[in-house]
Amino acid sequence: MTMTLASMTRPGDEPLPKRPASMQRFFRETWLLIVRGLQTIPRVPQRLSDVTIQPLVFTLLFLYVFGSAIHIKGMSYQNYLLPGLLGQSLAFGVIGAGVATATDFNTGVIDRFRSLPVTRLSVISSQVIGQILEQILGIVIVAGMGLALGWRPHMSPFGFGEFLLLMLLGLSAFTWFGVLLGMIVKSSDAMQGIGFAIVFPLSFLAGTFVPIAGMKLVPRTIGDWDPLSALVASVRHVTQGTNTSGSWQLTHPVVSMIFWCVLIIAVCVPLALRRFMNAN
Amino acid sequence: MAMTNDAINSDELVVVATGLTKHFADFVAVDNFNLEVKAGTVVSLLGPNGAGKTTIVRMLATLSEPTSGSATVCGYDVVRDADAVRGVVSLTGQFAALEDNLTAEENLLLMARLRGYSKRTATRIVEGLIDRFDIGEFRDKLVKSVSGGQRRRVDLAASLVVQPKVLMLDEPTTGLDPRSRQVVWSTIRELVQGGVTLFLTTQYLEEADALADHIVLIDHGRAVAAGTPNELKSQIGDQRVDIVGIDANGVGLIVEALSSNFQLVIDHNRRTVSVPAPHDLADLVAVTGALARVSAHVDEIALRRPTLDDAFLALTGQASEPYQQDQSIAEVTP
Ligand SMILES: Nc1ncnc2c1ncn2[C@@H]1O[C@H](COP(=O)(O)OP(=O)(O)O)[C@@H](O)[C@H]1O
Ligand SMILES: [Mg+2]
């Protein structure tokens, strides 16, 4: 290394900038950390494909492979499937957020941020917001693909607003859930495992691809009470005006979805914050 | 050789730990640890893997709360004034904590921006760091694809976006090849000359000796010895002569030939007899002479620097046992 004392630009030479009010710092730091997360997406092929190619493939696959065999009374399969996929993508946020969080905690990069005089809340907020933005990218791709392939939602402007709010609520809930799981599990492989073993089957039983009412007893019972069913039924209700038959939560999907999401947020946010703030 | 700093002639205590203790459930990782670090000095925590070094560093850097006891950095309490402590400490963790999927330059920029600098000032600081740590060659490479030594350099640079009052380095050279280790050492020396107070952990006696003014030997979460490198070395012995016997009888003969004149450490499993050699060559000659007089046969004979194991043996009377269960416990003859 070519270092002489004379040639050294001492970092101490730059005066530390004044510390702005804590609110302002919080927003600035959160923004910087969100950008850091988004910057890395195109550099990790796995993550890039999770939010782009995978939703594309899923949409195409189900539409053309299963779509030819599944007939839903009174509506095109596009109009049945797309809301299902959108609901499912909310649930998949758990896996994405969990894997990203577990990875960050493992590499020690979170510890580095925590050792800086940076508001700790901004570290975890950026994690959550960054993940939500990443999921939105995937959702927009699915929706765009669906529209191109014949999905025709029926929404008033008010309904569209309701749809956006519900999606955002679902994203927040499941992302916080994922962040908490990622901190507990601490291994991205284990997170992937949980995703495949739990979220994947639950999302298939949720009436995403075929109506729950037509399933056999065991899957139907699970589907009736699967929280993800409420998401799917709710999105379907808001985008197509379709009513789902079955358990109470399926006949009152929007209320149920709000209930599940608020419950998840009420449980996960305090736990995640406590785990994050209390150094261990 | 210890680095001392004349520019800063202060008795100000920068780090003070009092009865610092950390339990993980029932397990006591750090037990009643006390420490004082004076401004402008280099203190090294020396101990084997699992001794509790990282746990201590994490408590001092506010990443982990002590179970009991307390610590202050620049007068700020690590629990009550954690945010103020973070403002004066820079930590380089044991495993280079960088964003793998950002380039070296992007990582440094992020660190500078997070410290509150504008884009322009941050860019200027980063240019300075890139020069100073010789990062130019791989500044645009993703951190995940650079070598271990290069990664360490970026890691160190990231800790120096702002000149910290205390720099904490957790095993800065573990896993590095000898050349990279030299580079890190010389960087550390420059920093110390620049007046930074350094708290460093290591598993290498040689490293603590080369860099520190004061060494604390730690095992099982407890400080077992402390002193300047010279104080410790006068107890450990500068160098040692190791003699490997051909078989058990051979070892017996070697012990017989040497035990009257030397303090022996005998490891029967490895058929090795070890002798302190404060006068290096002269001692080597004395040992070979004594062996030749009884016509002992040896497999191998070598002059070597003391290791961490020797230090534990000499300073605590016992080996740092659980970490070397594969070896026999050496016995010390009077
Ligand atoms: N989060 C943790 N939970 C449980 N045990 C831990 C945790 N962190 C460290 N330990 C244990 O504490 C001891 C000291 O660990 P550490 O401080 O990492 O040692 P060193 O850095 O000296 O190698 C080890 O036995 C380790 O297994
Ligand atoms: Mg360690």
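The lining of the largest pocket comprises 17 nonpolar, 20 polar and 9 charged residues (Ala, Val, Leu, Ile, Met, Phe, Trp, Tyr, Cys and Pro count as nonpolar, Asp, Glu, Lys and Arg as charged, and the others, Gly among them, as polar). This is a predicted model, in which local features need pLDDT of at least 70 and side-chain atom pairs count only at pLDDT 80 or more, while totals for chains, interfaces and linings use all residues. Residues are numbered from 1 along each chain as its sequence is written, chains are lettered from A and ligands numbered from 1 in the order in which they are written, and side-chain values use heavy atoms, with hydrogens and water left out.

**Largest pocket**
- The lining consists of 46 residues, and Arg47(A), Asp50(A), Gly96(A), Val99(A) and Glu134(A) lie nearest the centre of the pocket (on a 1 Å grid over the protein atoms alone, a pocket is an open set of points where a 1.4 Å probe fits, with protein on both sides within 12 Å along at least five of seven lines; lining residues have an atom within 4 Å of a point).
- With 11 residues, α4(A) gives the most to this lining (helices are DSSP runs of H or I, at least four residues, and strands runs of E, at least two, numbered from the N terminus).

**Ligand 1**
- Residues around ligand 1 include Phe24(B), Phe27(B) and Pro48(B) (a heavy atom within 4 Å).
- The largest share of this shell, 3 residues, comes from α1(B).
- By class, the shell holds 5 nonpolar, 5 polar and 1 charged residues.
- An oxygen atom of ligand 1 is 2.6 Å from a polar backbone atom of Gly50(B).
- A polar side-chain atom of Thr54(B) also lies 2.6 Å from an oxygen atom of the ligand.

Terms used:
Polar contact = N/O pair within 3.5 Å; in protein donor to acceptor, adjacent residues only side chain to side chain.
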